[in-house]
Amino acid sequence: MQASSKKILGVASLLLGLFAWLGEKFGLITQRTADWANFGSAVTGAIVAFA
């Protein structure tokens, strides 16, 4: 995987994690949405780490 692709996926992972955390903290999203956003963040982070 190219470095630019890894950087984009890394930023996407960070943003998904922040969205889930802030949304859950301030009650802006449901728990289920936060769980899915955390899952997406973990998957994109794993892709970056192991690809």
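A helix here is a DSSP run of H or I that spans at least four residues, and helices are numbered from the N terminus. The model shown in these views is predicted.

View 1. K6 is part of helix α1, which covers residues 3-25. Its relative accessibility is 28%, so K6 counts as partly exposed, because that class lies between the buried limit of 20% and the exposed limit of 50%. Apart from neighbours within four places in sequence, K6 is in contact with M1, V48 and A51. Along the chain, W21 is 15 residues away from K6, and the C-alpha atoms of K6 and W21 are 22 Å apart.

**View 2. S13 in helix α1.** S13 also belongs to helix α1. With a relative accessibility of 11%, S13 counts as buried, because this value is under 20%. When residues up to four places away in sequence are not counted, S13 touches S41, T44 and G45.

**View 3. The aromatic pair W36 and F39.** The whole structure contains 1 aromatic pair. This pair is formed by W36 and F39 and is edge-to-face, with 5.8 Å from centre to centre and 90 degrees between the planes. Both W36 and F39 lie in helix α2, residues 31-50, and they are 3 residues apart, about one turn of the helix. W36 has a relative accessibility of 55% and therefore counts as exposed, because the value is over 50%.

Definitions and conventions
Residues are numbered from 1 along each chain as its sequence is written. This is a predicted model: local features need pLDDT of at least 70, side-chain atom pairs count only at pLDDT 80 or more; totals for chains, interfaces and linings use all residues. Side-chain values use heavy atoms; hydrogens and water are left out. Helices (H or I, at least four residues) and strands (E, at least two) are DSSP runs, numbered from the N terminus. Buried means under 20% relative accessible area, exposed over 50%, partly exposed in between (1.4 Å probe, protein chains only). Contact means heavy atoms within 4.5 Å. Rings of Phe, Tyr and Trp (its six-membered ring) pair if their centres lie within 6.5 Å; planes under 30 degrees apart count as stacked, over 60 as edge-to-face and the rest as tilted.
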